[in-house]
Amino acid sequence: MSATPPRILGVDDDPRVLASLQALLGLYGLKLETAGSGEAALLRLQADPFDLVLLNLGMAGLSGHQVMDRLAETGIDVAVIVNALRALSPPWHPGPPRAA
């Protein structure tokens, strides 16, 4: 008998962050479903049960803090891991390692 893989919802308004999380979790055979906003995440969570939410705190619109408040208000019981990830792009990208 095989175990059912966990249902994981990634919530971020930056599609590059969601793509990175999907790639990372895919390395471990896990699938990440996504929502591009706090509002979209709440609709998904009200319609379907998830085992885990990877939630960005600093989103435009409904913030991650507000999403957690709404989860508590509506009684949606789901584990939440919060993050403050931002995709790196020039000029902030560190580039290749420097020779010592």
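User: Before we look at the sheet, what makes two strands pair?
Analyst: Two strands pair if DSSP finds at least two bridges between them. Keep in mind that this is a predicted model.

User: OK. Which order do the strands of the sheet come in?
Analyst: The order is β2-β1-β3-β4. That is an open sheet of four strands, and the pairing is parallel.

User: Which strands sit at the edges?
Analyst: β2, residues 32–35, and β4, residues 79–83. Each of these pairs on one side only.

User: And how much twist is there from one strand to the next?
Analyst: The twist averages 25°.

User: What holds strands together in a sheet, in general?
Analyst: Strands of a sheet pair through backbone hydrogen bonds, either parallel or antiparallel.

User: Let's zoom in. How many bridges join β1 and β2?
Analyst: Four bridges, in the parallel sense. β1 covers residues 8–11.

User: Which residue in β2 is the bridge partner of V11?
Analyst: A35 is the partner of V11. Also in β2, E33 stands opposite L9.

User: Is β1 covered on one face or both?
Analyst: Both faces are covered. I8 and G10 are buried on one side, and L9 and V11 are buried on the other. In a regular strand the side chains alternate between the two faces of the sheet.

User: Step back a bit. How many helices and strands does the protein chain have?
Analyst: Three helices and four strands. Along the sequence they follow the pattern β-α-β-α-β-α-β.

User: How much of the chain is buried?
Analyst: Buried residues make up 30% of the 100 residues.

User: What share of the contacts links residues 24 or more positions apart?
Analyst: 66%, counting contacts in the chain with a separation of 6 or more.

User: Helices now. Where does α1 lie?
Analyst: α1, residues 15–26, lies across β1, β2 and β3. The helix runs at about 170° to β2.

User: What span should its 12 residues have?
Analyst: At 1.5 Å a residue, α1 should span 16 Å. Its end C-alpha atoms are 16 Å apart, so that agrees.

User: Which residues of α1 are buried?
Analyst: V17, L18, L21 and L25. Seen down the axis of α1, its buried residues fall within an arc of 100°, so they line one face of the helix.

User: What covers them?
Analyst: The cover includes β1, β2 and β3.

User: And α2, which residues are buried there?
Analyst: G38, A41, L42 and L45. They cover an arc of only 100° around the axis, which puts them on the same side of α2.

User: What does the other side of α2 carry?
Analyst: L43 and A47 are exposed there.

User: What do the buried residues of α2 pack against?
Analyst: They pack against β1, β2, β3 and α3.

User: On to α3. Where is that one?
Analyst: α3, residues 64–74, lies across β3 and β4. The helix runs at about 145° to β3.

User: Which of its residues are buried?
Analyst: G64, V67 and L71 are buried in α3. Down the axis of α3, its buried residues fall within an arc of 55°, so they line one face of the helix. Their cover includes α2, β3 and β4.

User: Which exposed residues are on the face turned away?
Analyst: A72 and E73 are exposed on that face of α3.

User: What happens just after α3?
Analyst: G75 takes a positive phi there, of about 75°.

User: Last topic, the core. Which residues touch the most other members of the largest nonpolar core?
Analyst: L9, V11, L45, V53, L55, V67 and L71. That core has 14 residues. β1, α2, β3 and α3 each supply at least two of its residues.

User: Which element gives the most?
Analyst: α2, with three residues.

User: Where's the rest of the nonpolar packing?
Analyst: Another core lies apart from the largest one.

Key: Residues are numbered from 1 along each chain as its sequence is written. This is a predicted model: local features need pLDDT of at least 70, side-chain atom pairs count only at pLDDT 80 or more; totals for chains, interfaces and linings use all residues. Side-chain values use heavy atoms; hydrogens and water are left out. Axes are lines fitted to C-alpha atoms, for helices over the stretch in contact, and angles run from 0 to 180 degrees between N-to-C directions. Contact means heavy atoms within 4.5 Å. A nonpolar core is a set of buried Ala, Val, Leu, Ile, Met, Phe, Trp, Tyr and Cys residues joined through side-chain atoms within 4.5 Å. Buried means under 20% relative accessible area, exposed over 50%, partly exposed in between (1.4 Å probe, protein chains only). The expected span of a helix is 1.5 Å times one less than its number of residues. The arc is that of the directions from the helix axis to the C-beta atoms.
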